[in-house]
Amino acid sequence: MALSDKQCLQINQALFSLAHAYESRLTKEEARRPTGLTLADRSVLMVLGQFASMNSRQLSRAMDINPGTISVYVERLIRKDLVEKVQHKDDRRHWLLSLTPAGQKVYRETVAGAAAY
């Protein structure tokens, strides 16, 4: 069953409102307890936390974000020691991304905060 234009618009408005409210909440939390993490950073952590390890191309597709932007996010999280890049054991041309122990901790905190919200 296809949705009407009105139903699609209502869903779009609801999703926008929820995303905006969540981003506002994170901004307030960041002001109270600075982590240096953006909503985009936490989004990357959420995806990597759900899918053990993946390469940048898979992450880019999963998040529907262009590869250049994903690279910027990943490099920032690597510098913060939240994500690590490990060479694929069978194909040394490929690198896999996964959460570090510190990244796993932030992932769990993010999931708990999102669930509470």
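I start with helix H5, whose buried residues pack against H1, helix H2 (39–50) and strand E2 (95–99). Contact here means heavy atoms within 4.5 Å. Buried means under 20% relative accessible area, exposed over 50%, and partly exposed in between, with a 1.4 Å probe and protein chains only. Helices (H or I, at least four residues) and strands (E, at least two) are DSSP runs, numbered from the N terminus.

Two remarks on the source. This is a predicted model, in which local features need pLDDT of at least 70 and side-chain atom pairs count only at pLDDT 80 or more, while totals for chains, interfaces and linings use all residues. Residues are numbered from 1 along each chain as its sequence is written, and side-chain values use heavy atoms, with hydrogens and water left out.

Now the overall picture. The protein has 5 helices and 2 strands, and from the N terminus on the order is α-α-α-α-β-β-α. The C-alpha trace spans about 50 × 40 × 25 Å along its principal axes. Of the 117 residues, 25% count as buried. If we take contacts between residues at least 6 apart in sequence, 46% of them join residues at least 24 apart. The protein exposes about 8,100 Å², and carbon and sulfur atoms supply 56% of that area. Accessible areas come from the Shrake-Rupley method with a 1.4 Å probe; for residues, only the protein chains shown count as cover.

Back to H5. Which residues of H5 are buried? They are Gly-103, Val-106, Tyr-107, Thr-110 and Gly-113. Seen down the axis of H5, these buried residues fall within an arc of 130°, so they line one face of the helix. The arc is that of the directions from the helix axis to the C-beta atoms. The face turned away from the buried side carries the exposed residues Pro-101, Arg-108, Ala-115 and Ala-116. As for length, the 16 residues of H5 (residues 101–116) should span 22 Å at 1.5 Å a residue, and the end C-alpha atoms are 23 Å apart, which agrees. The expected span is 1.5 Å times one less than the number of residues.

Next, the salt bridges. A salt bridge is a side-chain nitrogen of Lys or Arg within 4 Å of a carboxyl oxygen of Asp or Glu. By this rule there are 4 salt bridges, and I will go through some of them.

One of them joins Arg-25 and Glu-29, with the closest N and O atoms 2.8 Å apart. Both residues lie in helix H1, 4 residues apart, which is about one turn of the helix. An α-helix has 3.6 residues a turn, so residues three or four places apart point the same way. Arg-25 is buried, with a relative accessible area of 18%, whereas Glu-29 counts as partly exposed at 25%.

Which residue does Arg-76 meet in a salt bridge? Its partner is Asp-41, and the closest N and O atoms are 2.7 Å apart. Arg-76 lies in helix H4 and Asp-41 in helix H2, so the pair ties together parts that are 35 residues apart in sequence. Asp-41 is buried, with a relative accessible area of 0%; Arg-76 counts as partly exposed at 23%.

Another salt bridge is made by the side chains of Glu-75 and Lys-85, at 3.2 Å from N to O. Glu-75 lies in helix H4 and Lys-85 in strand E1, so this pair ties together parts that are 10 residues apart in sequence. Glu-75 is partly exposed at 33% relative accessible area, and Lys-85 is partly exposed at 38%.

On to the backbone. Most residues other than glycine have a negative phi. Asp-64, not a glycine, has a positive phi of about 55°. Where does Asp-64 lie? Asp-64 is in the loop between helix H3 (56–63) and helix H4 (67–79), and at 72% relative accessibility Asp-64 counts as exposed. Asp-81 also has a positive phi, near 60°. Asp-81 lies in the loop between H4 and strand E1 (83–87) and counts as partly exposed at 48% relative accessibility.

Last, the surface. Leu-3, Ile-11 and Leu-15 make a nonpolar patch of about 280 Å². Patches are made of residues with over 30% relative accessible area and no salt bridge; like charges are joined within 9 Å, and nonpolar side chains (Val, Leu, Ile, Met, Phe, Trp, Tyr) within 5 Å. Leu-15 is found in helix H1 (residues 5–32), and at 53% relative accessibility Leu-15 counts as exposed.
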